[in-house]
Protein chains: 2
Amino acid sequence: MAAGLVREKLDQAVDILGEKGVDVWMTFVRETSLSPDPSLDLILGMDMVWQSAFIVTRGGERIAIVGQHDAENVAATGGYTHIVPYLQGIRDALVETLTALAPARIALNYSENDVAADGLAHGLMQVLKRHLAGTGLAERFISAEDIVGALRGRKSPAEVARIRAAVATTLAIHRMIPSLAEIGMSEAAIAGRVHQRVREMGLSTAWDADYCPIVDCGPDTPIGHAGPLPGITLERGMLLHVDFGVKQDAYCADIQRTWYVRREGEETPPEAVLRGFEAARGALQAGFDALKPGAQGWQVDAAARAAMVEAGYPEYQHAFGHHVGRSAHDGATVLGPRWERYGETPYGVIEAGNVFAIELGVMVEGCGYVGLEDNVLVTETGAEWLSEPEDALWVI
Amino acid sequence: MAAGLVREKLDQAVDILGEKGVDVWMTFVRETSLSPDPSLDLILGMDMVWQSAFIVTRGGERIAIVGQHDAENVAATGGYTHIVPYLQGIRDALVETLTALAPARIALNYSENDVAADGLAHGLMQVLKRHLAGTGLAERFISAEDIVGALRGRKSPAEVARIRAAVATTLAIHRMIPSLAEIGMSEAAIAGRVHQRVREMGLSTAWDADYCPIVDCGPDTPIGHAGPLPGITLERGMLLHVDFGVKQDAYCADIQRTWYVRREGEETPPEAVLRGFEAARGALQAGFDALKPGAQGWQVDAAARAAMVEAGYPEYQHAFGHHVGRSAHDGATVLGPRWERYGETPYGVIEAGNVFAIELGVMVEGCGYVGLEDNVLVTETGAEWLSEPEDALWVI
């Protein structure tokens, strides 16, 4: 099923090695159901039990050194030019293969900055160094963070198609919420009804189901990382805010929508709610307008942040945007402020083919939280909305 | 929901630190939805986004240093005696906390031998060393593999209860297979019907759904790591072998069952099939009988392996058993032969409270594969079947 996508990403990896001037990129793994490497999903799409090495070269070779039980399944992906099966231990095949390639540098999946490029466990790195002891090969290791960041970040056509599908399903479920949620129902109960829809569709949530959806009813619920609470209920005159996404065919969406629940006889939402919504929507647009290839992450964040402040609202206390793809937080460049906790990630350069979730919000006193989040594709010249943004506040 | 279990495991961790004579065990993580540490499930049960440290001391302290957004959720587990929230970066709080504890040794989650104890990514280890530079603390790091192996392997009462439930559900689905599978149906179609039942129950499979269930029809299907094939169908006179488990409340079962599909007018299975079944069942029993606290993994494997050879069948080409728990392959001690590819894992010592999947099988020429696998709990004096074993070959 995923074989076409795996071949697309492996082709892309060869191009990226050429562009970055690196001879060999190696993904080294074992028992990946317990210790997954995020890169393996891109270039293989199945779990390995024994120690396995997936080597891509600048010259276009794609070599898989795997236990003999796995050789047939790996070959079936059609992505590898050489399959090297082993029976007893991987060491001999690994040393022989790498020695023959004679690479100046060997890029491995470790990174201080990008968690998506940090798939090699510390103990497994020691195992690898032992395997290569005395060969001079371990002295050529470099971080693959540039390679993995580009490979993961530049979505291929098949990947964009899958994200579009996840976005469409997520928005369809968001649109069901007015019929799922009832006045007096708790946040936890509303989340339960969303989970039921997700299960009926045979899908899963884009992140930990305890926090997906996040459901916020009114002004007194904690905003941030808290899950939906059983003790807070939806009442008239409240804002209802939902942060949600499905994972479909292994790709995620991450979208926030906000509704105002009218009081009896109330025609339009209160002025303060509408003003808050317009400020959030305007700042989201300002960030979207700044999103284009060549910009650095922090510049996009700064545009949205400035628009928010200019509209008379406080700065949001998080980053404006993050990659979305295999994971709802897909690593690499963050569209965030140059704060210590974001490290080097806001300095990354945006590239065509990147898909971001962009988000922000404002608190409206006495009513609740207006949160907006959409998924966007970076094009050659700017960006494209993958989710149609909420242009006028939704009303229940 | 999982808070009671988390507290149980943290209590157990304190005892294990005393037993092993280690002052401090630290689980250091970031963005765990993308880069999970298997230990975090045991001692926290939720994902963290920012860098976070979970410190257990021999003296009984359980300290969580986490981003301020996460502080409330971590406190809600009730497992931590101290919550240290931070806003900008973790370094200051981390250095201050560890310096005050003044540990002789700091056990971290890295291991060459046990993948379940190798949750610390190599890049994140570099980040940690930078945080602690100049303090002398990084020089006290040791592998936590003994601690994690004991903590993960000694199932608490709540964990055993969850595994029992997963086993019961898995066996219930196995028992549905004669009514789900029809003559002429492909392996892939049979697997599809099993998946449908799993979805209807709101559960997931214990491992990658492409290989769970494994369905093997007859003598011509590849045995081992291959998924169910669309081109191989169930016919009369064949053995049907299914390797399957559900994950329920985060705990797994891993059980194999085998059926013989009678030909028209055939009363009992062919002699060769019955002989193969008896050999497999006898060898499974021989391994079970050898399973007790104090034995080493390879000794249990050797008992089953010898019984198989004595019955006139070839040695199985894999390990006899593996831990099962949070994951279907739950790390640490393997009940396997002392072959190079199993490294040090067959030398581990079996402890009361361990739960293993024990498995083996034989090929019957012209009919297919007889595979048996059951889940067993190690008691103070021996072992207890968690799944009632297949005592007479099941017939369709």
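What share of the contacts in chain A with a separation of 6 or more is accounted for by residues 24 or more positions apart? In this predicted model, such residues account for 67% of those contacts, a contact being heavy atoms within 4.5 Å. Local features need pLDDT of at least 70 and side-chain atom pairs count only at pLDDT 80 or more, whereas totals for chains, interfaces and linings use all residues. Residues are numbered from 1 along each chain as its sequence is written, chains are lettered from A and ligands numbered from 1 in the order in which they are written, and side-chain values use heavy atoms, with hydrogens and water left out.

Chain A has ten helices and 18 strands; these are DSSP runs numbered from the N terminus, with helices being H or I of at least four residues and strands E of at least two. The radius of gyration of chain A is 23 Å, close to the 21 Å that the globule rule gives for 396 residues, so chain A is as compact as a globular protein of that length. This radius is taken over C-alpha atoms, and the globule rule is 2.2 Å times the number of residues to the power 0.38. Along the principal axes, the C-alpha atoms of chain A fill a box of roughly 80 × 40 × 35 Å. Of the 396 residues of chain A, 58% count as buried, that is, under 20% relative accessible area with a 1.4 Å probe and protein chains only.

Helix α6 of chain A (residues 145-153) is largely enclosed by the rest of the structure, because seven of its nine residues are buried. Among them are A:I147, A:V148, A:L151 and A:R152. The cover over the buried residues of α6(A) includes the helices α1 (3-20) and α2 (38-43) and the strands β1 (24-29), β5 (106-108), β13 (321-323) and β15 (355-364) of chain A.

In helix α3 of chain A (residues 68-76), the buried residues are A:D70, A:A71, A:N73 and A:V74. The buried residues of α3(A) pack against β2 (52-57), β3 (62-67) and β4 (82-86) of chain A. A:G78, with a positive phi near 70°, follows α3(A).

Over all chains, the structure holds zero disulfides, a disulfide being a pair of cysteine sulfur atoms within 2.5 Å. A:C212 is in no disulfide, and the nearest cysteine sulfur, that of A:C252, is 8.7 Å away. A:C212 is buried, with a relative accessible area of 0%. B:C252 is also in no disulfide, and the nearest cysteine sulfur, that of B:C212, is 8.7 Å away. B:C252 is buried, with a relative accessible area of 0%.

Conventions. Buried means under 20% relative accessible area, exposed over 50%, partly exposed in between (1.4 Å probe, protein chains only).
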